[in-house]
Amino acid sequence: MGDTIFHKIARAEIPADVVYDDGVVMAFKDIHPKAPTHLLFIAKDASDFVPSIADMSDATAHVPGMLIAAAQRFAKEQGIDGYKLTFHVGKAGEQEVFYLHLHFLSQKTL
Ligand code: AMP
């Protein structure tokens, strides 16, 4: 499985503006934000790697839930009571980075 830019961010090999890290899931600011707060939540461990929702298997079906739970925890911690959560699925779904990530968009500035 090829390395993506998010593999390198998960391994801390390249910098990212990390705003959340619970050891299992991390979130960092999108470099091209589409809202005042635009974050990307990813699983850190290689065993939780899934390229896309389209590639999910029984063994990795828990991963989207992990990302959503982390986003919910982060929002509660930050007092953000409204936000959008999005997965882009496949090239036709405008997915560019094939390392499963959850977009978190909020009108509230961090
Ligand atoms: P997607 O279209 O769902 O694959 O979204 C990939 C997102 O990753 C885009 O919104 C990009 O702006 C963002 N992105 C790409 N490279 C980086 C990076 N090095 N750090 C932060 N965000 C990135």
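This is a predicted model: local features need pLDDT of at least 70, side-chain atom pairs count only at pLDDT 80 or more; totals for chains, interfaces and linings use all residues.
Which helix gives the most to the lining of the largest pocket? Helix 1 does, with 3 residues.

**View 1. The largest pocket and its lining.** Here's the open space itself, about 550 Å³ of it. A set of 24 residues lines the largest pocket, and those nearest its centre are Phe 6, Asp 30, Leu 40, Glu 96 and His 103. Four elements each put at least two residues into this lining: helix 1, strand 2, strand 3 (37-43) and strand 5 (102-106). By residue class, the lining splits into 11 nonpolar, 7 polar and 6 charged.

**View 2. The ligand in its pocket.** The ligand sits in the largest pocket. Which elements give two or more residues to the shell around it? Those are helix 1 (5-10) and strand 2 (25-29). Helix 1 has the largest share of that shell, at 3 residues, and helix 1 also gives the most to the lining of the largest pocket.

**View 3. The shell around the ligand.** Zoom in and there are 16 residues around the ligand, with Asp 30, Glu 94, Glu 96, His 101 and His 103 coming nearest. Of these names, Asp 30, Glu 96 and His 103 turn up again among the residues nearest the centre of the largest pocket. Sort the shell by class and you get 7 nonpolar, 5 polar and 4 charged residues.

View 4. How far is a ligand oxygen atom from a polar backbone atom of Glu 96? The distance is 2.6 Å. At Glu 94, a polar backbone atom lies 2.7 Å from an oxygen atom of the ligand. As for cover, the ligand taken alone exposes 510 Å², and the protein buries 89% of that.

View 5. The largest cavity holds about 30 Å³ of space. Its lining is made of Ala 43, Asp 48, Phe 49, Val 50, Val 63, Tyr 99 and Leu 100.

How values were computed. Residues are numbered from 1 along each chain as its sequence is written. Side-chain values use heavy atoms; hydrogens and water are left out. A residue is near a molecule or strand if one of its heavy atoms lies within 4 Å of it. A polar contact is a pair of N or O atoms within 3.5 Å; within protein, one must be able to donate a hydrogen and the other to accept it, and residues adjacent in sequence count only if both atoms are side-chain atoms. Accessible areas come from the Shrake-Rupley method with a 1.4 Å probe; for residues, only the protein chains shown count as cover. On a 1 Å grid over the protein atoms alone, a cavity is a set of points where a 1.4 Å probe fits but cannot get out, and a pocket is an open set with protein on both sides within 12 Å along at least five of seven lines; lining residues have an atom within 4 Å of a point. A molecule sits in a cavity or pocket if more than half of its atoms lie within 2 Å of its grid points. Ala, Val, Leu, Ile, Met, Phe, Trp, Tyr, Cys and Pro count as nonpolar, Asp, Glu, Lys and Arg as charged, and the others, Gly among them, as polar. Grid points are joined across faces, edges and corners, and a volume is the space filled by probe spheres set on the points.
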